[in-house]
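Hello,

Here is the structure I said I would hand over. Have a look at it first, and then read on for what was found in it.

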Amino acid sequence: MNESNYFKFSPSLLLVPLVAVLSIWSVFWVELRFGVNLNHFGVYPRRLSGLMGVICSPFIHGSLEHLYNNTIPLAVLTLSLSYFYRKNALRILVMGVLLSGFLTWLIGRPSYHIGASGLIYVLASFIFFKGVFTKYYRLIALSLAIVFIYGSMLWYIFPIKDGISWEGHLAGFLVGLLLAKVVRTKTPVVKKYPWEKDDFNEEEDAFLKHFDEDGNFIERPEEADKEGIQIIYDYKKSDKED
């Protein structure tokens, strides 16, 4: 697939971030509207009932600030995933939620772990490492953009602040790295001009053959001896008398 088709924008790409953002906000609205607390549907490590949170926890948030802090990164990263890795986007999202949630269940503290931050770390980690692994210049540029915007997130995979699930962040980071390594993606074929190809022959090129190895123009005798263009004018006598 060439670059123009690979990076062609489609309005359907907006569907994934739109659904993701509406889902987490809808769940929070339900909690406020009906006065319920859904935290017990989060991941509770090493408890069988806590496995329900592997699927449910990304949609549950403890406060409006928690929800707001996850909304913009989730929208940006899901849109980036859908645009640059559209063939694998759904698979990455599903596997990212399941694997990061299960790993959190294995390594987490005995408390309810909620929020979409685990998935956010999956996406940031996957997009960064996949761009590096592919060595494709546009995806590498995307990786650098992720580092520039969300590089400070790396600190929160360590227990440096109370009240956050650093285990969920660490799980998401590791799962994103794993998926970047094992999930195969097709990169577009970079257009090469004739002079960039390995079998390019300068002597056969219609343009370069007019210059020597130092870049000086070569005036060929056969071209200098060519007759000039002859222009013949045909005059028609006017029938009108003076």
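The lining of the second largest pocket has 16 nonpolar, two polar and no charged residues. Here Ala, Val, Leu, Ile, Met, Phe, Trp, Tyr, Cys and Pro count as nonpolar, Asp, Glu, Lys and Arg as charged, and the others, Gly among them, as polar. On a 1 Å grid over the protein atoms alone, a pocket is an open set of points with protein on both sides within 12 Å along at least five of seven lines, a cavity is a set where a 1.4 Å probe fits but cannot get out, and lining residues have an atom within 4 Å of a point.

Please keep in mind that this is a predicted model, where local features need pLDDT of at least 70 and side-chain atom pairs count only at pLDDT 80 or more, while totals for chains, interfaces and linings use all residues. Residues are numbered from 1 along each chain as its sequence is written, and side-chain values use heavy atoms, with hydrogens and water left out.

Back to that second largest pocket: it holds about 380 Å³ of space, a volume being the space filled by probe spheres set on grid points, which are joined across faces, edges and corners. Ala-20, Phe-59, Leu-93, Val-97 and Leu-119 lie nearest its centre. Helix α2 (15-34) gives the most to this lining, with six residues; helices (H or I, at least four residues) are DSSP runs numbered from the N terminus.

The largest pocket has about 800 Å³ of space. Of its 23 lining residues, His-66, Asn-70, Ser-117, Ile-164 and His-169 are the closest to the centre. Its lining includes four charged residues, and α4 (64-84) is the top contributor, with five residues.

Finally, look at how α5 (residues 89-107) packs on α6 (residues 117-134): the angle is about 125° and the axes are 9 Å apart. Axes are lines fitted to C-alpha atoms, for helices over the stretch in contact, and angles run from 0 to 180 degrees between N-to-C directions. Ile-92, Leu-93, Gly-96, Val-97 and Ser-100 in α5 meet Leu-119, Val-122, Leu-123 and Phe-126 in α6, where contact means heavy atoms within 4.5 Å.

Best wishes

Definitions and conventions
Helices (H or I, at least four residues) and strands (E, at least two) are DSSP runs, numbered from the N terminus.
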